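Thanks for coming. I will talk through one structure, and I will give the cut-off for each term as it comes up.

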Amino acid sequence: MLVSEVAYTARRRPSPRIGGQLALRRKEGRTAYIFLVPWLIGLVVFVFGPMVVSLYLSFTDYDFLRPAKFVGLENYARMFVDGRFIKSAEVTVVYIVLAVPLQLAFALLMALLLNRQIRGVGVYRGVFYLPSLLGSSVAVAVLWDQIFGTEGLVNQILKVFGVSSSTSWVGSPDTALLTLVLLNVWAFGSPMIIFLAGLRQIPQEVLEAARVDGAGKVRTFLYVILPLLSPIIFFNLILQTIFSFKAFVPAFIVSGGTGGPSDSTLFYTLYLYQEGFGSFRMGYASAMGWVLLLAIGIVTAINFVLSRFWVFYGDENQ
Amino acid sequence: MSIGAATARRGTPAGARRSNVITHIVLLILAVGMVYPLIWMVISSLRNNNEIFSNPTIFPSSVTFSNYVRGWNALQYPFGQYLLNSLLITVGSIAGNLISCSLTAYAFARLRFRFKRLLMAVLLGTIMLPEHVTIVPQYVIFSAMGWINTYLPLIVPKFFGVEAFFVFLIIQFMRTIPRELDEAASIDGCGHFRIFSSIMVPLIMPALATTAIFSFIWTWNDFFRPLIFISTPSMDTAPLALNLFIDPTGGVDWGAAFAMSVISLIPVFLFFVFGQRFLVQGISTTGLK
C-alpha cells in the first residue's frame with residue numbers, strides 16, 4: 001500500500017524538470033494532431049467512411065436511384081455463377097502471372113547492364129525509365145491500339161521481313177491480353193531504378209571476395225548478387241503485383257471500354273467499372289471492390305509467407 | 001569518385017574494355033527499341049494517314065501539320081479546352097498534395113504523439129488500398145453534395161492528404177535532415193509551426209519537387225476518376241478527350257489521334273527531362289511508380 005502510494009506520488013509529483021518534460025510532451029502531442037488534422041479528416045471522409053459505406057452497399061441491391069435494399073450475401077454468391085466475373089478474375093490472374101515476373105526479370109537484367117562504369121549511364125537510364133512514366137497514359141494506350149492493329153506498326157515491320165500478316169493483335173482474343181502484358185513489360189523503368197539503387201548498396205568488397213574465391217560472373221550473380229538483392233526483388237514483387245491488380249487504362253482504351261474481344265481483356269477493374277457505372281449495379285460493384293481488396297491482401301500475405309524461403313536478410317544469422 | 005574511376009579505367013584489361021563496348025551496343029539497341037514506338041508516333045503525327053499505315057520507319061518524308069489542325073478541331077470543343085481543363089485539375093492537385101502531405105509528414109517525422117505507430121501503419125496501408133473499394137460510395141457521397149460534374153472530387157481530396165505516397169516520400173526525406181537544426185530553432189523559441197515553415201520547408205525542397213512532379217504526371221495521366229466524375233463534354237480532361245478518338249467500330253483518324261496524343265504527352269516529357277533527378281530520387285527512396 002505504502003509502496004504503491006509512494007510510487008503513485010512519484011508518478012504524480014515528479015521533479016519539476018521531468019514534470020516540465022511531460023507537459024512539453026503533452027503539448028507536442030497536441031501540436032502533432034494539429035498537423036495531422038487535414039490528413040485525419042481525409043482519412044475519415046474519403047477513405048474509412050466510404051469503406052464502411054461500401055461494405056454496407058455490398059450487402060444490398062443498389063442502383064443509385066432507388067434506396068438500397070438489403071440482400072445479405074447475394075452479391076457475393078452471384079460472383080460464383082457470373083460467367084463474366086469469373087472471366088474477369090481469370091484475365092486478371094493471367095495478366096499478373098505473366099506481366100509481373102516478365103517485367104521484373106527485364107528490369108533486373110537492365111539494372112545489371114546499367115550497373116557498370118560506362119559512359120552515358122544516365123542517358124540510358126532516362127531512356128529506359130521514360131516508358132514507365134507514360135505507360136499508364138491514354139496517349140500510349142492509343143498508340144498501342146494502332147501498333148497492334150491490322151495495319152499497325154507491328155504488321156508493317158513484319159512485312160519488311162517478308163511476313164505478310166493481317167492479324168489485328170489487339171482485335172484477336174488469343175493475343176489481345178498479350179499486347180497488354182507487353183505494355184507492362186515495356187514500362188519496366190521504375191522497378192529497374194529500384195534495382196539499380198539496390199545494386200549500388202552491395203559492398204564492392206563482397207564482390208571482390210567472390211572474385212578472389214574464383215567465382216565467375218554467373219556464379220557471382222546466382223550466389224552473391226541475387227541473395228543480397230532478394231529483399232529488393234521482394235519489395236518490387238509486392239508493389240508491382242498490387243499495381244497490376246489495379247490495371248485499368250490500357251484495357252479500357254484498346255477494347256473501347258468493353259473488355260473485348262470476347263472479354264479477353266476484361267480486367268477485374270474494368271468489369272467493376274462496367275457493373276458499377278455502366279449498369280449501375282452499385283451493390284455488386286461494391287462487393288467486387290471488397291473482393292479485390294481481399295484478393296490483394298491474400299496474395300500479399302502469401303508473398304510474405306513464401307518470402308521466408310527465398311528472401312535473404314543479411315542480419316539474420318548474426 | 002573520379003579518382004576511383006580513373007584508376008579503374010587504367011587498370012582495366014583489354015577484355016573488360018571490349019565487354020564495355022559490347023554493353024554499349026546492347027544498351028543502344030535496347031534503348032532504340034524501347035523508344036522506337038514513341039518516336040514513330042511523333043513522326044507519324046506529321047505524316048498523312050496513308051503513310052501511317054505503310055511506313056514503319058522513322059525517317060521523315062513529307063512533313064504536314066494537317067493532323068494537328070484536324071485533331072485540334074475534331075471533337076466538340078477545341079483540344080486546347082481539354083488541355084486547360086487538365087491543367088486546372090493538375091495545378092489544384094499539386095497545391096493540395098504539397099500542403100497536406102508536407103504537414104502530415106512533419107508530424108510523423110518529427111513529433112511524438114499517441115497512436116503514432118498505429119497511424120503510421122494506417123498511412124502505409126492506405127498507399128496499398130485500391131481506390132475501387134471506395135469509388136462507389138465516393139460517387140454516392142459526392143453526388144449527394146452536388147459535386148458530380150465538377151472538378152471538386154478530383155481536387156478537394158488532395159488537400160486532405162489522400163495521396164499517402166507523398167506523405168511517405170516526404171517523411172523519408174525529413175528523416176535524413178539532422179535534428180540539430182530544428183532543435184537549435186526550438187531553443188531560440190521557435191514553435192513547431194515556425195520550425196516547419198521556416199526551417200523544414202526550405203530544406204525539403206527536393207522532396208517537394210519530387211511530389212510536385214509526380215503529382216503532375218499522375219493527375220495529368222489520370223483517366224479512371226475523371227471518367228467517373230465528369231460527364232459534360234465541355235469539362236472533359238485531355239485523356240478523356242483522347243479516348244474519344246478511338247472508335248471501337250473502326251474508322252479511327254490515326255493521324256489526328258497521334259497528333260493530340262503527342263501534344264498531351266509533351267508536358268509529361270518536359271517534366272521528365274527537367275525533373276529526372278527528382279523522379280529517380282523519389283523512386284529509389286519509396287518505390288513509387
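**Starting from one residue**

A:Q204 lies in helix α10 (residues 204-212) of chain A. Helices here are DSSP runs of H or I with at least four residues, strands are runs of E with at least two, and both are numbered from the N terminus. Before going on, some background: this is a predicted model, in which local features need pLDDT of at least 70, side-chain atom pairs count only at pLDDT 80 or more, and totals for chains, interfaces and linings use all residues. Residues are numbered from 1 along each chain as its sequence is written, and chains are lettered from A and ligands numbered from 1 in the order in which they are written.

Is A:Q204 buried or exposed? A:Q204 is exposed, because 8 other C-beta atoms lie within 10 Å. The cut-offs are 20 or more other C-beta atoms within 10 Å for buried, 12 or fewer for exposed, and partly exposed in between, with C-beta atoms placed from the backbone. From A:Q204 to A:K69 is 135 residues in sequence and 65 Å in space, C-alpha to C-alpha.

Now to helix α6 (residues 138-147) of chain A. There, 10 of the 10 residues are buried, so α6(A) is largely enclosed by the rest of the structure. Among those buried residues are A:W144, A:D145 and A:Q146.

**Two helix pairs in chain A**

Take helix α4 (residues 83-114) and helix α9 (residues 189-201), both of chain A: their axes come within 8 Å and cross at roughly 45°. That makes α4(A) oblique to α9(A). Axes are lines fitted to C-alpha atoms, for helices over the stretch in contact, and angles run from 0 to 180 degrees between N-to-C directions. Under 35 degrees counts as roughly parallel, over 145 as roughly antiparallel, 65 to 115 as roughly perpendicular, and the rest as oblique.

Residues of α4(A), including A:L104, A:L108 and A:A111, meet residues of α9(A), including A:M192, A:F195 and A:L199. Contact means C-beta atoms, placed from the backbone, within 7 Å. This contact has 11 nonpolar residues, 1 polar and no charged. Nonpolar covers Ala, Val, Leu, Ile, Met, Phe, Trp, Tyr, Cys and Pro, charged covers Asp, Glu, Lys and Arg, and the others, Gly among them, are polar.

The second pair is helix α13 (residues 268-278) and helix α14 (residues 282-310) of chain A, whose axes come within 8 Å and cross at roughly 160°. α13(A) is therefore roughly antiparallel to α14(A). Their crossing is left-handed. A:Y268, A:L272, A:E275 and A:G276 are the α13(A) side of the contact, and the α14(A) side includes A:Y284 and A:M288. The classes are 7 nonpolar, 2 polar and 1 charged.

**Between chains, and within chain B**

How many residues of chain A are in contact with chain B? There are 74, and they meet 66 residues of chain B. On the chain A side, helix α2 (residues 16-57) gives the most, with 20 residues. That side has 50 nonpolar, 18 polar and 6 charged residues.

Chain B is assigned domain 1 (2-71) and domain 2 (76-286), with bounds from an automatic or database domain assignment. The domain centres, taken over C-alpha atoms, are 31 Å apart. Domain 1 of chain B puts 12 residues into the contact and domain 2 of chain B puts in 11.

Conventions. Two residues are in contact if their C-beta atoms, placed from the backbone, lie within 7 Å. A crossing is left-handed if the near helix is turned anticlockwise from the far one by less than a right angle, and right-handed if clockwise.
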